[in-house]
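Please read the following account with the sequence and the model side by side.

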Amino acid sequence: MTDDRELVAMRGITKAFPGVVALEDITFSLRKGEIHALMGENGAGKSTLIKVLTGVEHPDRGTIALEGKQVQVRSPQQSQALGISTVYQEVNLCTNLSVAENIMLGREPRRLGSIHWKKLNALAEQALGRLGIDLDVTQPLENYSVAIQQMVAIARALAILAVRVLILDEPTSSLDMQETARLFDVMRKLKGEGIGIIFITHFLDQVYQVADRITVLRNGKYIGTYDTASLSRVELVATMLGRNLSDLHAVAQAKVEIAPKAAHACVAEAKGLGLKGSLAAIDLSLNAGEVVGVAGLLGSGRTELARLIFGVDAPDSGSLSIDGQKVERFSPHESLKRGIALCPEDRKAEGIVGELSIRENIILALQARYGWFKVLNTQKQYEIAAQYIKLLGIRTPSPDQLVKNLSGGNQQKVILARWIVTQPHVLILDEPTRGIDVGAKVEIQKLVLDLVKEGMAIIFISSELEEVLRISQRILVMRDRKKVAEYAGDVNDQTIMHTMAGDL
Amino acid sequence: MNAPPPLKRIRESRLFWPLAALFIILLFDAIFVPSFFKIGVQDGHLYGNLIDVVNNGAPLMLVAIGMTMVIATGGVDLSVGAVIAISAAMGAVLINPALGDRLITNDILTKDATNTPLVIIVIANLLAGTLCGLWNGMLVSRARIQPMVATLILMVAGRGIAQLITNGQIMTIYYTPYFWFGNGFILGLPVSVYIVALVFIVASLIVRRTPIGLFVEAVGINPKATFYAGISEKNIKLMAYAFCGFCSAIAGLILSSYVHSADGNNNGLNYELDAILAVVMGGTLMSGGRFSLFGSIIGALVIWTFTLSMYALGVPDKALLAGRAVLVLIVILLYSDQSRRLLSRLFDRKGARHGATH
Amino acid sequence: MAQRTKLFLLHHGPLLTTMAIFFLAYFIGGRLYPAMQKPQAFFNLFINNGPLLILGIGMTFVILTGGIDLSVGGVLALTTAASAALLQLGASPALVIPLMLVMGTALGCTLGCIIHFFKVQPFIVTLMGLFFARGMAYIISLTSLSINDPFYKQLALTQIPIPFVPKAYLYIPSLVGPILLLVAVYLAFFTRFGRTVYAIGNNEQSARLMGLPVGRTRILVYSLSGFCSALAGIVFSISLLAGYGQFASGIELDAIASVVMGGTLLTGGVGNVIGTLFGVLIEGTIISILQYNGTLSSWWTRIGVGVLTLIFIGIQSLFYVRRKHS
């Protein structure tokens, strides 16, 4: 199969890590002047495939050809030399250096051995100009927004070498709609210049906006490559999840009957709660036996809200009362004693203690509430661990397994268990289902509804609107670090999406 | 094939390396300095090189116990040597019979007496060290200064403080009861051994019978997650540094009692490196997390067995500094991820070949 | 424009504060002790703190990468002892000086390689380097060795008059620091090496992904610091005409302190060598004041440097927080 438009051809790529086969016989091809979306759930093998292409990982088997020529990519430097450039999700630039340096460093123009600053700045401006951006390149990068930083990263990728392949790894996750549109313009422009773009994202809309073709990976296996025009969204989702359509339908139907909205006691009430630079004053009341969903984009203030209520940050205005008592001192430890719990957004950094066992992770918060000297004996610890491993369906051979060895979904369940053990009145879940497989997702949603039935009050924060809609009685919409609306009862996703986007 | 083979289990045990090192040094002694193992009885108590190892090594073992806690929280305490000096200076100043006496003559200064009760002296010793530890802990946990920098400040300024306390002099101690801590014997064994045993047992009980050990490990592994779990990660750190200061203070007490003097410049010199070495050798990772108090004790014993073996061979004290530095290097390299990976690959390949031949 | 001024102030705040504090300290010193008003008192700062300035320059690069070098004092002492021993054996200074510089660079390079290839925290490795170097110095000699070499003596005693300032002078070795400073400024701002140092300090991962030579730069930085330490050792041995393993104990904190006072963040990525010069000058001024006072004992300088370091770390974090917010 020869295709003279073919830029990159990866065939039979296999890569195993100790214990897992990350990639198994993957085929991937990229044409000149094409935007090719690489799709798959977390753990599908997208990032490993990119790492193989960029020389960060070396495949066990398989070949890579660039414009028909077999190549061995041994290091990131070499892949750059071949004209393959990557822009990552987190901007991988040095924020303390100037914009110009960030674009040109590594290929800086020199005069008599020293950096020719004037020329360097001019070249940087030129590189940004190619993307239609005009800014003061002598300022340090940290003075600019993430969106601009992303553009700078692309400018760097293009300026540094004769780029043939541009890889964009989740570039839009921290951009707003306008910024995303601007990025897409740039992408189309580059496509017109004959550059092949590999686009990784989890936003389906965006794929349908810009991508020409889609390749789907699942569990390290190649599923297929499709023309965007000929694959419907539902089909795409079904391919990614590896389920047939009726299965998906069943998940959507998992909406458990919501307990009738009785006049439950108010367990938490925030009045004008806010923190300068973090969250504008917010009013919120929370009743026992109710799920309040929080919808909003990344950076809308939803995580900040969770942090304030849980006491990670102390508010500088307003008040918070729990069970009628005004909170005076804010700290997770105080919250724990008051019966507030938070499953944080960043599971790895803020949730799990990886080198400790499942048992130790589960009893951590309970033990913290008991204090430094009251001891939970080992036998009791094992009982609790066994009970919750069973209750939440944590898949592990033993409670002594280190948490870092578990899958994302099971780690999330361990953290949930840690908090449920303490029997909180208020449970805040910040993105509890992010990056975990569909099965675990549904289990966690069911668990949430069970807890509510027992009278817990839950704040449910999620980027997945459909999920928020399904399990919440009330929905709070946040935008620009403010609460912009609160909906109760029937509301459709269109309304909420427009509120989130701010065009209503 | 499910359980790891016994050889691998032994090799991966925390105590494998320190015990192996101890064994090698003792083997070396058995061949080259056989007199090293001689233990005699004099005046009803034991003496000999092996007794010296535990007696001279006692301060280091104590400091290593404290340092283990600090390192387990992901920090480090470079000020232990200076804290030893401060504690020693505190003791010497309070013992000084001229304290509060306006008429200072030489025979008052060198009198075998003190105006301060021994209990008060000991308490002041320990309190001074603990306060230093608290100070470090405050800088690290509250002011959020990197542990290395925060304790470096006291490492240098602390020696100044010790000199300030003794007014820049090397103070000789003449008060006999004070010598008991470093030179006394109970049932034939040095008092310092009992002190170490007591501190070790109490510390082990505290960290293993209460959740404190778990909290310390959690803080060392992931401080943020620990904080989110409702544990006051700040107080855990504060406690660890204070405890380390406390242990260093006891070490200062024993050391000044052993050498009969307090010298701001030289008491506890180089203890920071030795203590870190002992802890790392004992299997506690510098990055924090899982720790072993017993391993650190073994580590300290290895260092002192090595040192005294070299003395027995006639190597001067100051020249040993370079030797110990090389020892640190070897241990660090052995424990680094790179060499571990290399080693286990080497062993595994051997194991695989074995399997193939069968 | 106001915005830019504000950004400028925020960006250079620590450095400006350092300069202001230096001038203030010097002014106060001059008011208290009129002897400090003489121009020579100012040049004495360079004469007395020459080695510290040299160490500080090397240390600045190390700290900019987010590392630390605790071995500087040891390498300095080893250089003094080794060069004294070699000179006593009758070796020519033309051989001894380059040899010492190579030794210091090699030591620094070794430490850098261990840090880089074995991924060990810099402070442990360099702490080990400190003990190793001092131990080697003691192996060379357990007592202080004097230097009688005529060339060293000449270097130590030749005064260079300062143009336009009557009766003011410097010694030849005290010129080394300022010259090295110029070289360091060039390195930091006009070479890829310098910019890579800043990049690593800000985000090592990014620097690597940007294709910058992270490993090489890091090893070079520790080699540079080793070189500076040896150079400082040579200057030190010339001014004291002696070599001893116990020289300059605790100078690593002095060097770190002057870097921190100069506005360089200990977390790396922010700061510059010019600040370090002012950090050294502040330390020198305070020591001068203590000396002019005469009643304050030497250990107060140690305590004083510790307290100053702490204060400046405080000032830094203040600026850092401000910048984050803006």
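Predicted model: local features only at pLDDT ≥ 70, side-chain atom pairs only at ≥ 80, totals over all residues.

Residues are numbered from 1 along each chain as its sequence is written, with chains lettered from A and ligands numbered from 1 in the order in which they are written.

In chain A, strand S11 (residues 213-218) has a partner on either count of direction: strand S3 (residues 35-39) runs parallel to S11(A) and is joined to it by 4 bridges, whereas strand S12 (residues 221-227) runs antiparallel to S11(A) through 6 bridges.

Chain A as a whole contains 18 helices and 22 strands. An automatic or database domain assignment supplies the domain bounds, and chain A is divided into domain 1 (6-251), domain 2 (265-339 + 424-504) and domain 3 (354-423). The centres of domain 1 and domain 3 of chain A, taken over C-alpha atoms, are separated by 39 Å. Along the principal axes, the C-alpha atoms of chain A fill a box of roughly 70 × 50 × 45 Å. The radius of gyration, taken over C-alpha atoms, is compared with a globule rule of 2.2 Å times the number of residues to the power 0.38; for 504 residues a compact globule would have a value near 23 Å, and the 25 Å of chain A agrees with this.

Chain B has 16 helices and 6 strands. A residue is called buried if 20 or more other C-beta atoms lie within 10 Å of its own, exposed if 12 or fewer do, and partly exposed in between, with C-beta atoms placed from the backbone. Buried residues make up 52% of the 358 residues in chain B, and 46% of the 504 residues of chain A. Arg144(B), placed in the loop between helix H6 (118-142) and H7 of chain B, is exposed because 11 other C-beta atoms lie within 10 Å.

A nonpolar core is a set of buried Ala, Val, Leu, Ile, Met, Phe, Trp, Tyr and Cys residues joined through C-beta atoms within 7 Å. The largest such core has 365 residues, of which Phe460(A), Ala64(B), Ile86(B) and Ile250(B) touch the most other members. Helix H12 (residues 233-259) of chain B gives the most to this core, with 16 residues. Two residues are in contact if their C-beta atoms, placed from the backbone, lie within 7 Å, and Ile250(B), leaving aside neighbours within four places in sequence, is in contact with Leu62(B), Leu126(B), Ile195(B) and Val199(B).

Between chains B and C, the contact takes 34 residues from chain B and 32 residues from chain C. On the side of chain B that touches chain C, H15(B) provides the largest share, 12 residues.

Key:
Pairing = 2+ DSSP bridges. Helix = DSSP H or I, 4+ residues; strand = E, 2+ residues; numbered from the N terminus.
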